[in-house]
Every structure is written in C-alpha cells, then in structure tokens.
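Please look over the sequence and the fold shown here before reading the notes on sheets, helices and loop residues.

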Amino acid sequence: MEKVKFSEVRQLVQLTWFFEYVLGAPPKQMNGTIRYHMCPNPQCGESSKHSVKVSVEENRWRCFACGERGDVIDAAAAFWGISPRDAALKLIGADPDVMKSYVPPKPKPVVPRDDTAIGVVVDALLAAGRKPDDGMLSYLNGRGISTPLAMEAIRRGIMVTLPTNPNSAKELLYDLVGEAALIKAGMLREDAKAPAIAFRPLVFISKGSRTAEFRLSRPAKEDEVKSLRYGDVTPWAWKGADSSRVMITEGCIDLLSAVQMGTKRSIIGLPGCVNWQPEWFHKLKGRNVLVALDNDERGQSATAKLVPVLQAVGAEVGVYGLPAGVGDLNEQLQAQLGLS
C-alpha cells in the first residue's frame, strides 16, 4: 500500500486552490480571512455567491452553515466522498505546473473590532425607543408577529427598528451615533456612501445589549445577504411566565413566533443552529427544556448535538415536533393564521 505523508500534501496543495479550482468557488477577500460561498460538504454545498459561509484562515476552513471544518485533505475527502488517505493521493495527482503557478488570494488587513463602538450604536438605538413604521409593521404582521408583541419586544430591549426607507435610516443612524462611531463599529466602510445596515432595518439585540443583528424587512433577493451581525456571538433571551420551563429556538423570529403562539416558557434564541456554546446552558439544570430548531437537515443535526449537552447539565429535555411540511416555528405560526 502506497504510503502517504499528510503533512507533505498539506504543504503542496493550497486549500484556497482546492476551493477555486476543484469546487469552482471564487474567493472573497474579507478582513483577515478568505470566504467562499460553497462548502466541501455535499450536503451543505453551494449557496448564494454572497453568502460567504465558508471561512479559510491559515490553511484551514470552517463552514458557518453546517459547522464542518478541517484542512485541505478533510475538504477533499468530504467533497469526493472518499477516505482521507484516498483524498490525499488524489490531491498529490494535481498538475504540478498549475500548483507552482498558483498564487493564493490575500485577505484584506484585519480591521480591529471596537466593541465599545458597537455598544455605543446599540445603546443609542435602544435609547431612541423608536416605534416601528408602517412598512415594518406590515412586514412583521405578515410574518404573524402582532403589533402588541412587536412593541413588547421593543420595550424589553430585544428588538429595535430603523426606518424602512434606507435614506431615512441612514440619516437616523448619522443623527443618533455619527459617521465616526459607525466606522469604528465596523458598520460603515470609509469609502461607502451608506452603511449596509441602513438597508436592514429590523434589529435584534441579544443578551447584554452588545450584539446586534440587522435584518431585511422583506424577502431577500437572489444573492442578497439577509442579515448582518455585529458583536460577540450571544443568544437572545425572553423571560416567560414559567421560568421552570425553557424553549430553545433558532433565531429571534422563531423566538417571537413561539411567544405569539402562546408559550409561557422562557426562551433562548440561538444565533444560528451551529452557533452556540455549552456554557450558555449551565443554568438549565433541573429545568424542562424543549428544543425547537428548524425542521431541516442542519436543524436536525444541531438538535442531535444539542440534546446530550443539555442532558449533561441536568436538564429534562424534549424535542418539539413541528407539523408535517413545516420548516420552522414561524412557518407554523403563519400556517395557523392563514398567512402562508
């Protein structure tokens, strides 16, 4: 059997080359990393060319959608559906002239994140206490979220809104926090005419008020980024009438959907089904916890990983059963209201 030195393969074959020439994914240069819209895991695969869901840094990759990660051998093994050894042998067979002439893309210089500036922006938005405009209420109502619930979410500081008109949103942001703070927070490029968040007026504030997710208030167009998150990866929290029982949802829209459908449980909203840390759940010992992630392959995989973590901290764990053909809690809510 032919011997394979994995370390030599990793040195010979650049990971970015594999993404560009084998997967056919063009690179996008980000601050400190190179991003791609395609995952080597065939079950995750390709998404919008603007999704940049896979990050490559120091010759290792990570997919933020499915959670898979590794080096070039792991990527090749996953994509071709073969063993790491066979993948390494196949990579060695790459055209040496092509490999020698390949110049890997360089990421843009890292712009240090100023958490203080992010906090300034979030605090200013919360202090403004702005009521949703008609366009925002129309969007939320169309998703099944009532006006009273939207106002309660604003009162609790879990949600704020910008004007749905991007020009008005830009003016409000400049008035509330100023151009300099937006640049320091990473929310505005110095060469940009307007911050991208001005086009994403639905803002969810996670626990601690130091993280904000700016979302579109309409269906995303093809190749359009639906949301932008700033700050640490932290969960959303909703204190229910029954603190002994907890529900875990995927995202804040599903969190509000669960409240709208009448749950009295306290709710933890995860910022993505794979974006969570075990320490978030240490205080759930002895509580009844219902996991209600999306009814797709990623959600089911995340549920399988999350349940034993919750059981390990001493929680009584159940899995919420969505109706047949329903993808998530918001779809269930819309179906109940006859909106879908």
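## The antiparallel sheet and its helix

The model described here is a predicted one, and its five strands β1, β2, β3, β4 and β5 form an open sheet in that order, with antiparallel pairing. Because β1 (28-29) and β5 (69-70) stand at the edges with a single partner strand each, one side of each has no neighbour in the sheet.

Helix α2 (residues 15-22) lies across β2, β3 (54-57) and β4 (60-63), and its direction makes an angle of about 140 degrees with β3.

Most residues other than glycine have a negative phi. Against that background, glutamate 58 has a positive phi near 55 degrees without being a glycine, and asparagine 59, also not a glycine, has a positive phi of about 65 degrees.

Glutamate 58 is placed in the loop between β3 and β4, and asparagine 59 is likewise in the loop between β3 and β4.

## The contact of α3 with α4

Helix α3 (residues 72-80) and helix α4 (residues 84-92) have axes that come within 8 Å and cross at roughly 105 degrees, so the two helices α3 and α4 are roughly perpendicular to each other. The contact is made on the α3 side by Val72, Ile73, Ala76, Ala77 and Trp80, which meet Pro84, Ala87, Ala88, Lys90 and Leu91 of α4. Sorted by class, this contact of α3 with α4 comprises nine nonpolar residues, no polar ones and one charged residue.

## Strand β12 and its partners

Strand β12 (residues 265-270) is mostly covered, with six of its six residues buried. Strand β10 (residues 236-238) pairs with β12 in the antiparallel sense over three bridges, and in this pairing alanine 237 stands opposite isoleucine 268 in β12.

The pairing of β11 with β12, in contrast, is parallel and holds six bridges, and here threonine 249 stands opposite glycine 269 in β12.

## Strand β13 between β11 and β14

Strand β13 (residues 288-292) is also mostly covered, since four of its five residues are buried. Which strands pair with β13? One of them is β11 (residues 242-250), which pairs with β13 in the parallel sense over five bridges, and valine 246 stands opposite valine 289 in β13. Another is strand β14 (residues 316-319), whose pairing with β13 is again parallel and runs over four bridges, with leucine 290 standing opposite glycine 318 in β14.

Together with helix α12 (residues 297-312), β13 and β14 make a right-handed β-α-β unit.

Conventions
Residues numbered from 1 in each chain as written. Predicted model: local features only at pLDDT ≥ 70, side-chain atom pairs only at ≥ 80, totals over all residues. Heavy atoms only, no water. Axes fitted to C-alpha atoms, helices over the stretch in contact; angles between N-to-C directions. Parallel < 35°, antiparallel > 145°, perpendicular 65-115°, else oblique. Contact = heavy atoms within 4.5 Å. Nonpolar A, V, L, I, M, F, W, Y, C, P; charged D, E, K, R; others polar. Buried < 20%, exposed > 50% of the residue type's maximum accessible area, 1.4 Å probe, protein only. Pairing = 2+ DSSP bridges. Right-handed = clockwise from strand over helix to strand, strands pointing away.
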